[in-house]
Amino acid sequence: MFPFEDINDFNIRMDQEHELFRKSIRQFCEDKLSPIIMDVERTNDIPKGVIDDAKKLGLTGIGIPQEYGGQGGDMRMQVIMSEEISRVLPSFGTMLLVNHLFVDPLIIFGTEEQKSRYVVPVATGKALAAHASTEPGAGSDVAGISTTAKKVETGWVLNGRKAFITNADRADFFLASARTSPINPQSRWRGLSTFIVERSFNGLEIGHKFDVIGLRGEQPNEVIFNNVTVPEANLVGKPNEGFKVVVTTYDYSRILIAAQAVGIAQAAFEMAFNYSTQRNAFEKPIASFEGVAFKISDMLMELEAARLLTYWAAYLADTKKEFYMASSIAKTYSTETAEKLASLAIKIHGGAGVDRDTGVERFLRDSVITTIYEGANDIQRLTIFRSLLKMVSKNLEVS
Ligand SMILES: Cc1cc2nc3c(=O)[nH]c(=O)nc-3n(C[C@H](O)[C@H](O)[C@H](O)COP(=O)(O)OP(=O)(O)OC[C@H]3O[C@@H](n4cnc5c(N)ncnc54)[C@H](O)[C@@H]3O)c2cc1C
């Protein structure tokens, strides 16, 4: 049981509502996403029509309270959506998920005015959003950013350059982090603030598009703030406490990356299993050789373990229990499982596995990104260890 206190910390409850939702998302994926996979890989673009279909179905509002224009729904529903979409087209899942990196901090830390002005249009699909934290010189080290926001009479003036910003070329709104006080080596995380920047604000530029190996169709861009004036009303949370806004957002969103990885792993597993029963070598299906069958069994074991960890983290979050450690465990295990299963799926396909037209190798290109973004897995390991120390010291205080 150590370091957990109660066996109930390992509960996972899924309801009929979750299953009905899963079926409806799967239908959407089969009807709208499956037919465009190869086109998206080739053109590196997601057709606008499919984004509009998702909006019509209300997918931009899942997990957002109805009072702010959303469809409601818990973390488990968001996990189901991320998993099912990523089973077919992970880049489409990333596009929808990034909205949450904008909306969630506003729901938790924003004012009522910010919620009605910015959350409602994103939830209803009228607007798309992005989250601009990473910079050329600072990714894992969130406190190391160098974008600045200087106080002026009408609000704040932002200057700096952000890198790898998903949705940047489509987004109407950005959540941007900037330094509002000089860095103090004793408490580097203090002195950051977060702001809502509209695409139409003077001085905001979308820069270079990165050509990343995976998640084709949803490639990140640079975002440049060149003397962008942001009104005071667009400060999210308290000044100098932006670090908390950013990392709290990631506590939730990394569960959705875990789910994305489960979706990729599921797809890799299904393709590998199907191929192993259909492909003959030495006059037998290759699945009849132990060397292949054992690989398939290992894939299934690891896939289901990843899924359980991911649903567990989501259930802890839904039941308002401590979930930060679980979300880091789920993110790390699931993304590394997806990478491993993608690699095994390629090998089980032999030569066909490295032929782009087979559609298997993309799982490896997509899954490696899940191990990097939303907090690289080394950083997750640090979070897990720090959470463990916190739990241990809490238990020592009690005993
Ligand atoms: C496709 C894609 C989309 C993205 N979308 C967004 C987005 O929408 N918004 C956004 O803000 N960012 C986005 N990112 C950026 C992403 O979050 C960062 O790439 C990630 O946080 C890692 O930061 P970095 O690239 O600067 O690597 P670094 O922080 O430089 O890390 C490099 C290596 O060093 C390791 N490392 C660093 N510090 C430590 C440590 N203390 N202990 C052990 N190891 C360490 C890391 O694990 C990694 O292996 C995206 C990235 C990609 C690839």
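**A chat about a predicted three-domain chain**

Q: How is the protein chain split into domains?
A: The domain assignment gives domain 1 (7–127), domain 2 (130–240) and domain 3 (244–398). Those bounds come from an automatic or database domain assignment.

Q: Thanks! Before I go on, what sort of model is it, and what pLDDT do local features need?
A: It's a predicted model: local features need pLDDT of at least 70, side-chain atom pairs count only at pLDDT 80 or more, and totals for chains, interfaces and linings use all residues. Residues are numbered from 1 along each chain as its sequence is written.

Q: How many helices and strands are there?
A: The protein chain has 11 helices and 10 strands. Both are DSSP runs numbered from the N terminus, with helices being H or I of at least four residues and strands E of at least two.

Q: And what's the radius of gyration?
A: For the protein chain it is 22 Å, close to the 21 Å from the globule rule for 399 residues, so the chain is as compact as a globular protein of that length. The radius is taken over C-alpha atoms, and the rule is 2.2 Å times the number of residues to the power 0.38. Along the principal axes, the C-alpha atoms fill a box of roughly 80 × 60 × 40 Å.

Q: What share of the residues is buried?
A: Of the 399 residues, 48% count as buried. Buried means 20 or more other C-beta atoms within 10 Å of the residue's own, exposed means 12 or fewer, and partly exposed is in between, with C-beta atoms placed from the backbone.

Q: What about contacts between residues 24 or more positions apart?
A: They account for 72% of the contacts with a separation of 6 or more. A contact here is two C-beta atoms, placed from the backbone, within 7 Å.

Q: Back to the domains. How far apart are the centres of domain 2 and domain 3?
A: Their C-alpha centres lie 30 Å apart. The contact takes 11 residues from domain 2 and 10 residues from domain 3. On the domain 2 side, the residues touching domain 3 divide into 5 nonpolar, 6 polar and no charged. In that scheme Ala, Val, Leu, Ile, Met, Phe, Trp, Tyr, Cys and Pro are nonpolar, Asp, Glu, Lys and Arg are charged, and the others, Gly among them, are polar.

Q: Now the ligand. Which residues come nearest?
A: Of the 22 residues around the ligand, Thr134, Gly139, Ser140, Ala376 and Asp378 come nearest. A residue is near if its C-beta atom, placed from the backbone, lies within 6 Å of the molecule. Strand E1 (129–132), strand E3 (155–165) and helix H11 (377–398) are the elements that give two or more residues to the shell.

Q: Which domains does the shell draw on, and what classes of residue are in it?
A: At least three residues come from each of domain 2 (130–240) and domain 3 (244–398). By class, the shell has 14 nonpolar, 6 polar and 2 charged residues.

Q: I'm curious about the backbone at asparagine 167. What's its phi?
A: It is positive, about 70°, although asparagine 167 is not a glycine. The residue is in the loop between E3 and strand E4 (173–179), and counts as buried with 25 C-beta neighbours inside 10 Å.

Q: And glutamate 374? What's phi there, and where is it found?
A: Phi of glutamate 374 is near 60°, a positive value in a residue other than glycine. Glutamate 374 is found in the loop between helix H10 (361–370) and H11. With 25 C-beta neighbours inside 10 Å, glutamate 374 counts as buried.

Q: How many residues of H10 itself are buried?
A: H10 is mostly covered, with 8 of its 10 residues buried. Among them are Arg362, Phe363, Leu364 and Asp366. The cover includes helix H2 (37–43), H5, helix H7 (242–278) and helix H9 (324–348).

Q: Which residues are buried in H6?
A: In helix H6 (residues 112–123), they are Tyr118, Val119, Val122 and Ala123. They cover an arc of only 125° around the axis, which puts them on the same side of H6. The arc is that of the directions from the helix axis to the C-beta atoms. Just after H6, glycine 125 takes a positive phi of about 85°.

Q: Last one: is lysine 48 buried or exposed?
A: Lysine 48 counts as exposed, with 9 C-beta neighbours inside 10 Å, and is found in helix H3 (residues 48–56).
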